[in-house]
Amino acid sequence: MNGDTNPRLPLWSKIAWTAWLLVWTPVYWKQYGAPNFLYFCDLGNFLIAAGLWAESRLIVSWQAVGLLVFQTVYAVDLIGAFVFRKHAVGGTEYMFDPAIPLLVRLLGLYHLVVPPLLLWAVRRLGYDQSAWKLQTLTTCILVPINYFWRPEYNVNWARGIGHQQHVMPGWLYLLGYLVVAPVVVYWPTHRVLQWWSGKFGPG
């Protein structure tokens, strides 16, 4: 919790996210099982809830660094597929699969909410400068777990982008992942969030 006597995040935002989480969790567990909750985006849903209730600048910033780029790419692909009937990047095809229950697909629309939610929360709470380091540590712990545990699911692209890759040895791809993600994704996002918080954040 921040040191102010008045909360920086309205109660309705905390209740709304928690209520959605209580519906989403059992539905996704039944549909996809435990491995699905090791995706950064799905694990992030619980951490976002903790960050909102605690009004934790660190947790919110941490999730913003890790999720903003990927969730935004997801949103662009989903909206583009809906409007133009073509996937620019891929990864959202399941949202148009009639074999997947409609409720599951509707609950998956949370990906569209997360980027503006995190930017709003960082604006209200400020940005924690150590967030990108924490996200890098999270990646270095979680992605190797994804690589070795149930590799057929390719959670977080631990075995290849989109699908398991066969261009290079798996260990080399994993090592490259752990270097490239912080340099190409987390650090630039960190810099953007520094600017965002400085320009629009709390005074």
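Begin by selecting Leu-106, which lies in helix 4; helices here are DSSP runs of H or I with at least four residues, strands are runs of E with at least two, and both are numbered from the N terminus. Leu-106 counts as partly exposed because its relative accessibility is 47%; buried means under 20% relative accessible area, exposed over 50%, and partly exposed in between (1.4 Å probe, protein chains only). The model is a predicted one, in which local features need pLDDT of at least 70 and side-chain atom pairs pLDDT 80 or more, while totals for chains, interfaces and linings use all residues. Residues are numbered from 1 along each chain as its sequence is written, and side-chain values use heavy atoms, without hydrogens and water.

Colour helix 3 (57-84), helix 4 (102-107) and helix 5 (110-125): each supplies at least two residues of the patch. Helix 3 gives the most, with 4 residues.

Now move to Gly-44, in helix 2 (residues 40-54). Gly-44 is buried, with a relative accessible area of 0%. Beyond its neighbours within four places in sequence, Gly-44 is in contact (heavy atoms within 4.5 Å) with Tyr-39, Gln-63 and Leu-67. Gly-44 and Leu-67 are 23 residues apart in sequence, and their C-alpha atoms are 7.8 Å apart.

Then select Cys-41, which is buried at 17% relative accessible area. Cys-140 is in no disulfide and is partly exposed, with a relative accessible area of 36%. The count comes to 0 disulfides, a disulfide being a pair of cysteine sulfur atoms within 2.5 Å.

Finally, display the whole chain. The secondary structure comes to 7 helices and 0 strands. Along its principal axes the C-alpha trace spans about 55 × 40 × 35 Å. Buried residues make up 44% of the 203 residues. Of the contacts with a separation of 6 or more, 70% are between residues 24 or more positions apart.
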